[in-house]
Amino acid sequence: MYYKRKYSPVFPEKYTGDPTNIILRSSWEAKFAAWCDKNPAVIEWSSEEVVIPYRCGTDNRMHRYFVDFKIKVKTTSGVKTYLVEVKPDVQTKPPKYPGRRTARYLNESMTFIKNQSKWVAAKEYCKDRGWEFMIITEHELGI
């Protein structure tokens, strides 16, 4: 089921972008957005404001990747910037081959290849800027 909703931040001054137009595409993203908004260590954050061009491994064409979140966090060693993708853990691993090429297996394989293409581009993008890329799953969110 597709989940899409607007989020109203408690601390709109921390949001970089238009705080009246924050669109979240899953309940997991909503949980992470609330954490960013309320966590005092997070200096600023944004949702789908960073766009990274990438070449997709499924069709070898250029696409645009809208990263779920960009956050600046105050750490003991200074300020760190992260690009964060919120995904189910199952989509971060190659699908298990069921013994034959089912439609489900092919779809999961294409999704995995597409995600890998995005994440390689995101890691390079972050490396160029001194940032870090991370994937948050249900395990980190405590779901």
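Reader: What is the relative accessibility of Lys80, and how does Lys80 count?
Author: Lys80 has a relative accessibility of 28% and counts as partly exposed. Buried means under 20% relative accessible area, exposed over 50%, and partly exposed in between, with a 1.4 Å probe and protein chains only. This is a predicted model, in which local features need pLDDT of at least 70 and side-chain atom pairs count only at pLDDT 80 or more, while totals for chains, interfaces and linings use all residues. Residues are numbered from 1 along each chain as its sequence is written, and side-chain values use heavy atoms, leaving out hydrogens and water.

Reader: Which side chain does Lys80 meet in a salt bridge?
Author: That of Glu132, with 2.3 Å from N to O. A salt bridge here is a side-chain nitrogen of Lys or Arg within 4 Å of a carboxyl oxygen of Asp or Glu. Lys80 belongs to strand β7 (residues 78-86) and Glu132 to strand β8 (residues 132-136), so the pair ties together parts 52 residues apart in sequence. Glu132 is partly exposed as well, at 35% relative accessibility.

Reader: How many salt bridges are there in the structure?
Author: There are six. Among them is the pair Glu85 and Lys87, at 3.6 Å from N to O. Glu85 is buried at 4% relative accessibility, and Lys87 is buried at 16%. Another joins Lys93 to Asp89, whose closest N and O atoms are 2.4 Å apart. In that pair Lys93 is partly exposed, with a relative accessible area of 43%, whereas Asp89 is buried at 16%.

Reader: Turning to pockets, what is the volume of the largest one?
Author: About 370 Å³. On a 1 Å grid over the protein atoms alone, a pocket is an open set of points where a 1.4 Å probe fits, with protein on both sides within 12 Å along at least five of seven lines; lining residues have an atom within 4 Å of a point. Points are joined across faces, edges and corners, and the volume is the space filled by probe spheres set on them.

Reader: Which residues are closest to its centre?
Author: Of the 21 lining residues, Arg25, Ser26, Glu29, Val86 and Lys87 are the closest to the centre. Lys87 is also the salt-bridge partner of Glu85.

Reader: Finally, what is the overall secondary structure?
Author: It comes to three helices and eight strands, in the order β-β-α-β-β-β-β-β-α-β-α along the sequence. Of the 143 residues, 38% are buried.

Note on methods:
Helix = DSSP H or I, 4+ residues; strand = E, 2+ residues; numbered from the N terminus.
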